[in-house]
Amino acid sequence: MINIAERHKFILDKLYEKGYISVVDLCKELDVSGVTIRKDLKLLEDRALLFRSHGGAMVNNPYTNDKPVNEKEKIRKDEKDNIGLAAAALVDANDAIIIASGTTVLALARNIHPKGSLTVITAALNVALELLRFPEIEVIQLGGLLRNSSSSVTGPYAEKILEDFSCSKLFLGVDGIDIEFGLTTTNIMEAHLNQKMISTVQKTIVLADSSKFGKRGFGRICGLEDVDEIITDKGISPHILKTLEDMGIKVTIV
């Protein structure tokens, strides 16, 4: 049987390789009890070498905090621009789509060049303003409670109007993607509006840079079974990529 130092080295090596490790897998690979592994993870977390999560551990802090949109826009800008460009290629002529809110979907709006008439429903004021430059785009701006941090609306008024529409695609930005917990955002009202958007469309496409994987926001939007496609950057870990593809989710890497 290997000693505690060797166990800790094995755990950290696996963690940095995959980005996430589960207690169950570690028990099998190290042939020790769940109690022992949980104690190991607690000791390693106390040394700031990992973050524990439900059933395992990860490299990065899984919990996200809300930041102002102008601050978020500067983070991973190149990755977001590339994701937005790839997403724009999925917008068809005479399409009717929903664009949620966030800096990554704003990058989509900046890359849209209409192939014909296009109808866009959005919760985000900055997205609506970006699309107003095209006369062939009909923009439907949802109303409701305006969030200063995101320049977007939430609430029952925004949710109610969605009941009158049916769209082909939703382009959704998120604050966290967790294999077990699903898609999340930092605001519960925004999460609820996103749920309504998902029920309004035929296809849900998530736009998220690789830093969002393994993280959780306060408000759960949905499980990954409700996601059709994720567009992300090459920083996604091979382990997470394979897990998503095994779940039947198309993953586009830019």
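Colleague: Does Asn94 count as buried or exposed, and at what relative accessibility?

Modeller: This is a predicted model. Asn94 sits in the loop between α5 (77-88) and β4 (95-99). A residue counts as exposed over 50% relative accessible area. Asn94 is therefore exposed, at 61%.

Colleague: What is the phi of Asn94?

Modeller: Most residues other than glycine have a negative phi. Asn94 is not a glycine, yet its phi is positive, at about 60°.

Colleague: Where is Asp31, and what is its relative accessible area?

Modeller: Asp31 belongs to the loop between α2 and α3 (34-46). Asp31 also has a positive phi in a residue other than glycine, near 55°. With the cut-off for exposed at over 50%, Asp31 is exposed, and its relative accessible area is 64%.

Colleague: Which strands are the edge strands of the open sheet of three strands?

Modeller: The order in this sheet is β1-β3-β2, and the pairing is antiparallel. An edge strand pairs on one side only, which holds for β1 (20-22) and β2 (51-53). From one strand to the next, the twist averages 25°. The edge strands are β1 and β2.

Colleague: Which residue in β3 stands opposite Tyr20?

Modeller: Strands of a sheet pair through backbone hydrogen bonds, either parallel or antiparallel. Here β1 and β3 (residues 56-58) pair in the antiparallel sense, over three bridges. Opposite Tyr20 stands Met58.

Colleague: Which strands does helix α1 touch?

Modeller: Helix α1 covers residues 4-18 and packs on the sheet. The direction of α1 makes about 130° with that of β1. The strands touched by α1 are β1 and β3.

Colleague: At what angle to β1 does helix α2 run?

Modeller: Helix α2 covers residues 23-30. Helix α2 lies across β1 and β3, and its angle to β1 is about 70°.

Colleague: How is α2 placed relative to α3, roughly parallel or roughly perpendicular?

Modeller: Two packed helices are described by the angle between their axes and the distance between the axes. The axes of α2 and α3 come within 9 Å and cross at roughly 110°. Angles of 65 to 115 degrees count as roughly perpendicular, so α2 is to α3 roughly perpendicular.

Colleague: How do the residues of the contact of α2 with α3 divide?

Modeller: The crossing of these helices is right-handed. On α2 the contact is made by Val23, Leu26, Cys27 and Leu30, and on α3 by Gly34, Ile37, Arg38 and Leu41. They divide into six nonpolar, one polar and one charged.

Notes:
Residues are numbered from 1 along each chain as its sequence is written. This is a predicted model: local features need pLDDT of at least 70, side-chain atom pairs count only at pLDDT 80 or more; totals for chains, interfaces and linings use all residues. Side-chain values use heavy atoms; hydrogens and water are left out. Two strands pair if DSSP finds at least two bridges between them. Helices (H or I, at least four residues) and strands (E, at least two) are DSSP runs, numbered from the N terminus. Axes are lines fitted to C-alpha atoms, for helices over the stretch in contact, and angles run from 0 to 180 degrees between N-to-C directions. Contact means heavy atoms within 4.5 Å. Buried means under 20% relative accessible area, exposed over 50%, partly exposed in between (1.4 Å probe, protein chains only). Angles under 35 degrees count as roughly parallel, over 145 as roughly antiparallel, 65 to 115 as roughly perpendicular and the rest as oblique. A crossing is left-handed if the near helix is turned anticlockwise from the far one by less than a right angle, and right-handed if clockwise. Ala, Val, Leu, Ile, Met, Phe, Trp, Tyr, Cys and Pro count as nonpolar, Asp, Glu, Lys and Arg as charged, and the others, Gly among them, as polar.
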